[in-house]
Amino acid sequence: MTPAETLKPLLWEPKNLVRAIEAAGVTLWSWNVNTDAFAMDDHSYELWGVPKGKDVTFEDLSAHIHPADRDRVRAAFTATRSIIGAYEIDFRIMIGDELKWISARGQGDDEGMVQGIMFGIFIDVTGRKQAEEGRELLAGEMSHRVKNLLAIASGLTAITSRSTTTVEDMARELTLRLTALGRAHDLVRPVPGQTEAPSALLGDLLTVLLAPYDDLGAFSGRIRVSVPRMSVGDASTTVVALIVHELATNSLKYGALSSDTGTLDVSCSAQNEAVTIVWTENGGPKVSAPQSKAGYGSKLVERSVTGHLRGSINYNWARDGLVVTVMVDPERLAS
């Protein structure tokens with residue numbers, strides 16, 4: 001008898017099948033399509049957050065499904081008997097405040113049904129779904145960055161044309177602005193292989209980020225910055241850079257930096273409870289609150305402020321110019 005033939009009987013022993021199922025992270029279920037009764041193994045009960053041994057029905061489990069997915073899952077399960085071959089349904093469930101992604105899999109077309117009972121498995125696919133969402137978020141962010149950079153390049157060209165008189169001067173100054181923009185952009189999206197920047201002073205960080213937009217060099221023209229001496233930690237440098245980059249881009253397209261009479265003031269105050277950064281625009285086009293829902297960039301800023309910096313952001317669409325107030329946790333800013 002070959003080694004494979006020796007192992008084969010062991011493969012089908014119930015205890016070894018259980019070991020294989022547990023190793024794969026698979027949980028088992030059966031559903032009586034006539035009575036709506038559900039039977040599950042212990043791991044399924046844990047997955048759904050249901051007390052072990054409790055009699056459950058499909059409707060009982062449906063109460064745990066995320067409201068946005070509930071009707072879709074009910075319709076899908078009802079339709080499984082008309083599906084030829086294997087089926088797979090991914091949906092979200094809520095266990096208290098925790099959200100999980102579950103994949104339910106089975107065999108349709110009554111092929112695997114025994115005495116009116118269907119059989120299948122549940123798999124926790126939360127990790128995979130989070131990774132997919134992360135990739136989609138990154139792709140959306142990169143697309144947004146590229147569109148913004150094109151708009152910035154156009155805006156910087158317009159600014160440079162106002163402050164130069166010859167083609168040579170314009171080419172030289174525009175090159176300097178684009179080079180400065182490149183340095184600022186590295187803070188938003190560090191290049192591969194680049195080591196993390198050391199802790200920086202907030203004033204120095206703002207100098208690098210806003211230098212490309214100033215008519216006469218950093219802070220000597222229409223951009224003014226007044227901040228106390230404080231450090232920005234490695235992790236927060238990229239977050240602050242992303243926020244300032246987004247605000248400057250929008251100002252260049254629609255706000256004070258789009259006009260040769262516009263000015264920008266960035267001030268900051270620090271207390272034990274919070275660091276408050278105020279972005280004030282004046283002298284540009286008249287502004288009003290957007291009528292449509294927040295765009296990708298605004299959502300990105302909101303997520304950055306409330307997420308990593310554990311703070312808040314408020315927009316005041318004053319008639320004379322936008323005022324943005326950002327309040328962040330001092331410890332998070334320094335981290």
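Biologist: Which residue in β13 is the bridge partner of T280?

Modeller: The bridge partner of T280 in β13 is V323. This is a predicted model, with local features given at pLDDT of at least 70, side-chain atom pairs counted only at pLDDT 80 or more, and totals for chains, interfaces and linings taken over all residues. Residues are numbered from 1 along each chain as its sequence is written, and side-chain values use heavy atoms, without hydrogens and water.

Biologist: What makes β11 and β13 a pair?

Modeller: Strands are DSSP runs of E, at least two residues long, and helices are runs of H or I, at least four, numbered from the N terminus. Two strands pair if DSSP finds at least two bridges between them. β11 and β13 have six bridges, in the antiparallel sense, so they pass that test.

Biologist: In what order do the five strands of the open sheet run?

Modeller: The order is β8-β10-β11-β13-β12, with mixed pairing. β8 (223–226) and β12 (312–318) are the edge strands, because each has a single partner strand.

Biologist: Why is T276 called buried?

Modeller: Buried means under 20% relative accessible area, exposed means over 50%, and partly exposed lies in between, with a 1.4 Å probe and protein chains only. T276 has 15% relative accessibility, so T276 counts as buried. T276 lies in β11. Leaving out residues up to four places away in sequence, T276 touches S267, C268, S269, T325, V326 and M327, where contact means heavy atoms within 4.5 Å.

Biologist: Why are α8 and α9 called oblique?

Modeller: Axes are lines fitted to C-alpha atoms, for helices over the stretch in contact, and angles run from 0 to 180 degrees between N-to-C directions. Under 35 degrees counts as roughly parallel, over 145 as roughly antiparallel, 65 to 115 as roughly perpendicular, and the rest as oblique. α8 and α9 pack at about 40 degrees, with axes 10 Å apart; they are therefore oblique to each other.

Biologist: Which residues of α8 and α9 meet?

Modeller: L202, L205, L206, L209 and L210 in α8 meet T237, V240, A241, V244 and A248 in α9.

Biologist: What makes a set of residues a nonpolar core?

Modeller: The members must be buried Ala, Val, Leu, Ile, Met, Phe, Trp, Tyr or Cys, joined through side-chain atoms within 4.5 Å. The largest such core has 35 residues, of which L210, Y213, W279 and L333 touch the most other members. α9 gives the largest share of this core, eight residues. A second, separate core has 23 residues, including V73 and F122.
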